[in-house]
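Biologist: I am new to this structure and would like to learn how to read it. Could we take it one feature at a time?

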Amino acid sequence: MRKLSIRERVLLLLLAVLAAVSGYVLLFYLPTTQRLEALNTQIAQSQELAAQLDARLAEQQQMERELEQLAAQGSPVPYMPAYDNLQAVMVELHTILADCQEYSLSFQGKQGEDNVFYREVSIPFTCGSYEQAREILQKLHDSTLRGLLGNVQFSQQENGTISVFATITFLEYQVNTVSETAPEGE
């Protein structure tokens, strides 16, 4: 075996240093950098989620304060009935519209967000005077069922009666039936 020259020794030393630096970069630096980037991304996502949850919490606390104020004032807080509340809606509307000369009901329903079901009712009715029509509309507005009165149109007929067309949208909460029907032991 022959002895290595100085030039060969320097080249071997440079090769060893290059191998050590490459090993450090490939085995330590790059994985650590990638892990830090992943952790920074997770931190950013967590902070965004925390901000969203804080906003929802503030909104919920505001709603709770409003409910407490309504309860303190003695105003009844309308509740959102469970879906399918059609029979109660029909009874309520029949009671309110009983003084009308004639009326009809037309129902349409659609699914909203967060399990809220919107039941829109078109109500054309005829009554004897504007005062009576106003009283009926006020009763619809003040109904114990949660709803939104809208699209109200008045017209006077040739015989002196008042014809009214109104829509009211009742809100119902559609409960997830899968979790309710499962036995308690499961």
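Biologist: What pattern does the protein follow when read along the sequence?

Modeller: This is a predicted model. Along the sequence the pattern is α-α-β-β-β-α-β-β-α, which comes to four helices and five strands.

Biologist: How much of the protein is made up of buried residues?

Modeller: Of the 186 residues, 17% are buried. The accessible surface is about 14200 Å², and carbon and sulfur atoms hold 56% of that surface. As for contacts between residues at least 6 apart in sequence, 58% join residues at least 24 apart.

Biologist: How many salt bridges does a search of the whole structure find?

Modeller: Side chains of opposite charge can pair when their charged atoms come close. Here the search finds one salt bridge. R2 pairs with E8, and their closest N and O atoms are 2.9 Å apart.

Biologist: What volume does the largest pocket have, and which residues line the pocket?

Modeller: Rolling a probe the size of a water molecule over the atoms shows where empty space is left. In this model the largest pocket has a volume of about 230 Å³. Its lining consists of R56, E59, Q60, M63, E64 and L67. By class, three of these lining residues are charged, two are nonpolar and one is polar.

Key. Residues numbered from 1 in each chain as written. Predicted model: local features only at pLDDT ≥ 70, side-chain atom pairs only at ≥ 80, totals over all residues. Heavy atoms only, no water. Helix = DSSP H or I, 4+ residues; strand = E, 2+ residues; numbered from the N terminus. Buried < 20%, exposed > 50% of the residue type's maximum accessible area, 1.4 Å probe, protein only. Contact = heavy atoms within 4.5 Å. Areas by Shrake-Rupley, 256 points an atom, 1.4 Å probe, with all protein chains shown as cover. Salt bridge = Lys/Arg side-chain N within 4 Å of Asp/Glu carboxyl O. 1 Å grid on protein atoms, 1.4 Å probe; cavity = no way out; pocket = protein on both sides within 12 Å on 5 of 7 lines; lining within 4 Å. Points joined across faces, edges and corners; volume = space filled by probe spheres on them. Nonpolar A, V, L, I, M, F, W, Y, C, P; charged D, E, K, R; others polar.
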